Amino acid sequence: MKRIVIFGATSAIAKAVARLYAKEGSSLYLVARNPEQTEALARDLKARGAKEVRHIIADLAKLDDHAAIVASVKRDFPRIDVALIAHGVLPNQAECNRDVAKTLDAMTVNFLSPVSLLTLLANEMEAQGSGAIAVISSVAGDRGRQSNYAYGAAKGGLSIFLQGLRNRLHAKGVAVITIKPGFVDTPMTAAFKKGALWAKPEQVAKGIVKAIEKRRDEAYLPSFWKWIMFVIRQIPESIFKRLSL
Ligand SMILES: NC(=O)c1ccc[n+]([C@@H]2O[C@H](COP(=O)([O-])OP(=O)(O)OC[C@H]3O[C@@H](n4cnc5c(N)ncnc54)[C@H](OP(=O)(O)O)[C@@H]3O)[C@@H](O)[C@H]2O)c1
């Protein structure tokens, strides 16, 4: 029986991951902001076969609360098999251009908050000497684009932080997995026109669980995004800066 803790557990992608673990009979610890949605998810997971479901309601932008949240999780789950960090926001880049506070808010939720949680979790999991930490970054972090560089910079910084953490924890028996989804049809992207490159949260969730199981370093999801981003990264900056992306 695995013990799984999920931060941002009511995200559409995280919910789909939680359901897969519930089906296996795992115990889950949900950390999320919306009480009604979190309680409904906890009931749903129990009905699907989860051995035990606990939860904490928290605004994860409040960094000062993180130490108490992680301590509370550790008290109830002395061994954590999988920690998944899933929360995030997609800010409007045009609003960020006009308003520094909006940029900084997006940086707090998408970068500082995961970094703060990872610093606390890494120490716990290093001491335990086992387990996996998976974090949802994004393909947007692979290259800065005018349409979403506040979001992309936070995710890019997060991916680099995870590289360093993986390097530190590899010898300690803890896997660090960077998840890089492409376009996923979730509430975050509700306003976007969908096309052939779009995936469903359930499809991405299967890829996340598989990447954790195989202790992969990085997973582009769906996997074709690996090749799309490979090509995008090769475009010289002198050309890329002229493109309207
Ligand atoms: N959808 C995509 O195309 C896509 C692509 C690449 C990466 N991602 C990443 O995938 C992850 C999951 O997103 P999603 O697509 O599943 O979207 P989603 O359903 O909108 O989930 C985002 C979640 O983040 C939570 N959240 C935001 N700010 C928070 C805060 N301050 N404290 C606690 N929770 C907070 C939201 O909680 P509330 O419900 O309470 O607001 C929501 O549950 C995010 O990290 C996102 O950046 C998504």
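Which residues of α6 are buried? In this predicted model, the buried residues of α6 are Ala150, Tyr151, Gly152, Ala154, Lys155, Leu158, Leu162 and Leu165. An α-helix has 3.6 residues a turn, so residues three or four places apart point the same way. The packing partners of the buried α6 residues are the helices α4 (93-98) and α5 (100-128), together with the strands β5 and β6 (175-181).

The protein as a whole contains 9 helices and 7 strands. Its radius of gyration is 18 Å, which agrees with the value near 18 Å for a compact globule of 245 residues. The C-alpha trace spans about 55 × 40 × 35 Å along the principal axes. Of the 245 residues, 39% are buried. Among contacts with a separation of 6 or more, 69% are made by residues 24 or more positions apart.

The largest nonpolar core comprises 67 residues, and the most contacts inside this core are made by Ile6, Val17, Ala18, Leu28, Leu30, Ile133 and Ala134. Helix α1 (residues 12-23) supplies the largest share of the core, with 7 residues. Beyond four places in sequence, Ala134 touches Val82, Leu84, Ile177, Ile179, Ile208, Ala211 and Ile212.

Helix α1 itself has 12 residues; the distance from its first C-alpha to its last is 17 Å, close to the 16 Å expected at 1.5 Å a residue. Its buried residues are Ile13, Ala14, Lys15, Ala16, Val17, Ala18, Tyr21 and Ala22. These buried residues pack against the strands β1 (3-7), β2 (27-32), β4 (82-85) and β5 (132-136), and against the helices α2 (35-47) and α7 (201-213). Just after α1, Gly25 adopts a positive phi of about 85 degrees.

The shell around the ligand holds 25 residues, of which Ser11, Leu60, Gly88, Thr186 and Met188 come nearest. By class, the residues of this shell divide into 14 nonpolar, 9 polar and 2 charged.

Ser138 is located in the loop between β5 and α6. This residue counts as buried because its C-beta has 25 C-beta neighbours inside 10 Å, where 20 or more are required. Apart from neighbours within four places in sequence, Ser138 is in contact with Lys155, Lys180 and Pro181. Lys155, one of the buried residues of α6, is 17 residues from Ser138 in sequence, with the two C-alpha atoms 6.0 Å apart.

Pro181 belongs to strand β6. With 23 other C-beta atoms within 10 Å, Pro181 is buried. Its contacts, leaving aside neighbours within four places in sequence, are Ile136, Ser138, Val139, Val204 and Leu221. Pro181 and His55, separated by 126 residues in sequence, lie 26 Å apart from C-alpha to C-alpha.

Leu120, in helix α5, has 17 C-beta neighbours inside 10 Å and therefore counts as partly exposed. Leu120 touches His66, Ala67 and Val70, not counting residues up to four places away in sequence. The C-alpha atoms of Leu120 and Leu63 are 11 Å apart, and the two residues are 57 positions apart in sequence.

Backbone geometry was also examined. Most residues other than glycine have a negative phi, and most peptide bonds are trans. Arg215, in the loop between α7 and β7, has a positive phi near 50 degrees although it is not a glycine. Arg215 counts as partly exposed, since 13 C-beta neighbours lie inside 10 Å. The peptide bond between Leu221 and Pro222 is cis, with omega about -15 degrees. Pro222 is placed in the loop between β7 (218-221) and α8 (224-234), and Leu221 is one of the residues in contact with Pro181.

Key:
Residues numbered from 1 in each chain as written. Predicted model: local features only at pLDDT ≥ 70, side-chain atom pairs only at ≥ 80, totals over all residues. Near = placed C-beta within 6 Å. Nonpolar A, V, L, I, M, F, W, Y, C, P; charged D, E, K, R; others polar. Core = buried A, V, L, I, M, F, W, Y, C linked by C-beta atoms within 7 Å. Buried ≥ 20, exposed ≤ 12 C-beta atoms within 10 Å, placed from the backbone. Helix = DSSP H or I, 4+ residues; strand = E, 2+ residues; numbered from the N terminus. Contact = placed C-beta atoms within 7 Å. Rg over C-alpha atoms; globule rule 2.2 N^0.38 Å. Expected span 1.5 Å × (residues − 1).
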